[in-house]
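Let's take a walk through a protein fold together.

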Amino acid sequence: MREITSWKRPFQVWQYSVSHSTLLLRSHRPDLYDTRIDVLFPAVTLMHLKPSYRQLRIHEATEQERREILGDTALNLSHGLLFLLNDGEGYVHAASCSWHEDEGDHRAPSRFGPLPGTA
């Protein structure tokens, strides 16, 4: 298991763009934190998510974890990585995972720009 990153603060599913298969998770609680954090997964091919998480730990799945979670579906996914959220509480199969922390509010555009296909 290779840990990518982790935060002890709440996150929620913020946006998903069907046209570019891009997922954005966001942590924004101005009553508790001075910053917001956006986590971007581009080229999503599979995901299993809860609407929100009390904290967020992301790690890249090992080949064994990948087979256990995806089963036969893993054979059909030649590109991308499986990212486990909170030790398997959720997962995202995507090209990569990146994040950015800034002082923007919930209405300010993400550093990753507007997601095509969303309002």
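The paragraphs below go from the overall fold to the sheet, the strands beside it, and the cores.

A word on conventions: this is a predicted model, in which local features need pLDDT of at least 70, side-chain atom pairs count only at pLDDT 80 or more, and totals for chains, interfaces and linings use all residues. Residues are numbered from 1 along each chain as its sequence is written, and side-chain values use heavy atoms, with hydrogens and water left out.

Start with the whole chain. The protein contains 1 helix and 10 strands, where helices (H or I, at least four residues) and strands (E, at least two) are DSSP runs numbered from the N terminus. Along the sequence the pattern reads β-β-β-β-β-β-β-α-β-β-β. The C-alpha trace spans about 45 × 30 × 20 Å along its principal axes. For 119 residues, a compact globule would have a radius of gyration near 14 Å, and the protein agrees, because its own value is 14 Å; this radius is taken over C-alpha atoms, and the globule rule is 2.2 Å times the number of residues to the power 0.38. Of the 119 residues, 40% count as buried, a label that means under 20% relative accessible area, with exposed being over 50% and partly exposed in between (1.4 Å probe, protein chains only). Contacts here mean heavy atoms within 4.5 Å. Among those with a separation of 6 or more, 63% are between residues 24 or more positions apart.

Next, find the open sheet. Its 5 strands have the order S1-S7-S8-S9-S5, with antiparallel pairing; two strands count as paired if DSSP finds at least two bridges between them. Strands of a sheet pair through backbone hydrogen bonds, either parallel or antiparallel. At the edges stand S1 and strand S5 (46-48), each with a single partner strand, so one side of each has no neighbour in the sheet. From one strand to the next the twist averages 20°. S7 and S8 are paired in the antiparallel sense over 3 bridges, and Glu-60 stands opposite Phe-83 in S8. Helix H1 (residues 63-70) lies across S5, S7, S8 and S9, running at about 80° to S8; axes are lines fitted to C-alpha atoms, for helices over the stretch in contact, and angles run from 0 to 180 degrees between N-to-C directions.

S2 and S3 form a hairpin with 4 residues between them, and Ser-21 in the turn has a positive phi of about 50°. The two strands run antiparallel, joined by 5 bridges. Ser-17, in strand S2 (residues 11-17), stands opposite Thr-22 in S3. Why does Ser-17 count as buried? Because its relative accessibility is 0%. Its C-alpha atom is separated by 9.6 Å from that of Pro-114, 97 residues apart along the chain.

How is S3 placed within the structure? S3 is largely enclosed by the rest of the structure, because 7 of its 7 residues are buried. Thr-22, Leu-24, Arg-26 and His-28 cover one side and Leu-23, Leu-25 and Ser-27 the other, all of them buried. In a regular strand the side chains alternate between the two faces of the sheet. S3 is also joined to S4 by 6 bridges, again antiparallel, with Leu-23 opposite Phe-41 in S4.

Asp-38 is in strand S4 and is buried, because its relative accessible area is 2%. Its side chain makes a polar contact with the side chain of Ser-110 at 2.8 Å (a pair of N or O atoms within 3.5 Å; within protein, one must be able to donate a hydrogen and the other to accept it, and residues adjacent in sequence count only if both atoms are side-chain atoms). Beyond four places in sequence, Asp-38 also touches other residues, including Arg-26, Trp-99 and Arg-111.

Finally, look at the nonpolar cores, which are sets of buried Ala, Val, Leu, Ile, Met, Phe, Trp, Tyr and Cys residues joined through side-chain atoms within 4.5 Å. The largest has 17 residues, and those with the most contacts inside it are Leu-25, Val-39, Phe-41, Leu-56, Ile-58 and Leu-85. Strands S1, S3, S4, S7, S8 and S9 each supply at least two residues of this core, and the largest share, 3 residues, comes from S4. Apart from this core lies another of 7 residues, among them Ala-74, Leu-77, Leu-82 and Tyr-91.
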